[in-house]
Amino acid sequence: MSKVITQDNEQVIQIYNRLKDTLTRLEDILKNNNPTFNGHRYMNDAELANYLKVSRRTLQEYRNNGILSYYQIGGKILYRESDIEELLEKNRQEAFRLNISWNFR
């Protein structure tokens, strides 16, 4: 005699939950995926502002002052990730520690 499997079956529920988790992960990957163009990845204003924790207006000031390299296609502004990484590395400040010994006698 064959057994009928229903949607209330524990194995069916487990498989459904795993598929649901996998779908959620795939949606996150697709949402956050920046495809490459000619080996380079690009970010738009909103992505870069979020990454640098600055406003989009600040990014505009950086562009106007020649701080940020960018591409403009129509009204769309794009930033090459490697340019941003290079800019950050060039402007990196080494941490320093003052080695002061205090003698209070």
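This is a predicted model: local features need pLDDT of at least 70, side-chain atom pairs count only at pLDDT 80 or more; totals for chains, interfaces and linings use all residues.

Reader: Okay, helices. How do helix 2 and helix 3 cross, and at what angle?

Author: The general idea is to look at the axes. Here the axes of helix 2 (residues 45-52) and helix 3 (residues 56-64) come within 9 Å and cross at roughly 100°. Angles of 65 to 115 degrees count as roughly perpendicular, and the two helices therefore get that label, roughly perpendicular to each other.

Reader: Which residues in helix 2 and helix 3 meet?

Author: From helix 2 you have D45, A46, L48, A49 and L52, and they meet R56, L59 and R63 of helix 3. Sorted by class, this contact has five nonpolar residues, three charged ones and no polar ones.

Reader: What about the loop between helix 2 and helix 3? Which residue lies there?

Author: Look at K53, which lies in that loop. K53 is not a glycine, yet its phi is positive, at about 60°. Its relative accessible area is 66%, so K53 is exposed; the cut-off for that word is over 50%.

Reader: On to rings. How many aromatic pairs are there?

Author: For rings, you check how far apart the centres lie and how the planes are angled. The count here comes to one aromatic pair. Its members are Y42 and Y71, with ring centres 5.7 Å apart and planes at 75°, so it is an edge-to-face pair. Planes over 60 degrees apart get that name.

Reader: Where do Y42 and Y71 lie?

Author: Y42 is in strand 2 (residues 40-44) and Y71 is in strand 3 (residues 71-73), so the pair ties together parts that are 29 residues apart in sequence.

Reader: Is Y71 buried, partly exposed or exposed?

Author: Y71 is partly exposed, because its relative accessible area is 33%. The in-between class runs from the buried limit of 20% to the exposed limit of 50%.

Reader: And which residue lies over the face of Y70?

Author: That's R63, at 5.5 Å from the ring centre of Y70.

Reader: Now strand 3. Is I73 buried or exposed?

Author: I73 is found in strand 3, and its relative accessible area is 58%, so it is exposed. To place I73, compare sequence and space: I73 and K53 are 20 residues apart in sequence, and their C-alpha atoms are 24 Å apart.

Reader: Where is G66?

Author: G66 is in the loop between helix 3 and strand 3. G66 has a relative accessible area of 61%, so it is exposed.

Methods:
Residues are numbered from 1 along each chain as its sequence is written. Side-chain values use heavy atoms; hydrogens and water are left out. Axes are lines fitted to C-alpha atoms, for helices over the stretch in contact, and angles run from 0 to 180 degrees between N-to-C directions. Helices (H or I, at least four residues) and strands (E, at least two) are DSSP runs, numbered from the N terminus. Angles under 35 degrees count as roughly parallel, over 145 as roughly antiparallel, 65 to 115 as roughly perpendicular and the rest as oblique. Contact means heavy atoms within 4.5 Å. Ala, Val, Leu, Ile, Met, Phe, Trp, Tyr, Cys and Pro count as nonpolar, Asp, Glu, Lys and Arg as charged, and the others, Gly among them, as polar. Rings of Phe, Tyr and Trp (its six-membered ring) pair if their centres lie within 6.5 Å; planes under 30 degrees apart count as stacked, over 60 as edge-to-face and the rest as tilted. Buried means under 20% relative accessible area, exposed over 50%, partly exposed in between (1.4 Å probe, protein chains only). A charge sits over a ring if NZ of Lys or CZ of Arg is within 6 Å of the ring centre and within 35 degrees of the ring normal.
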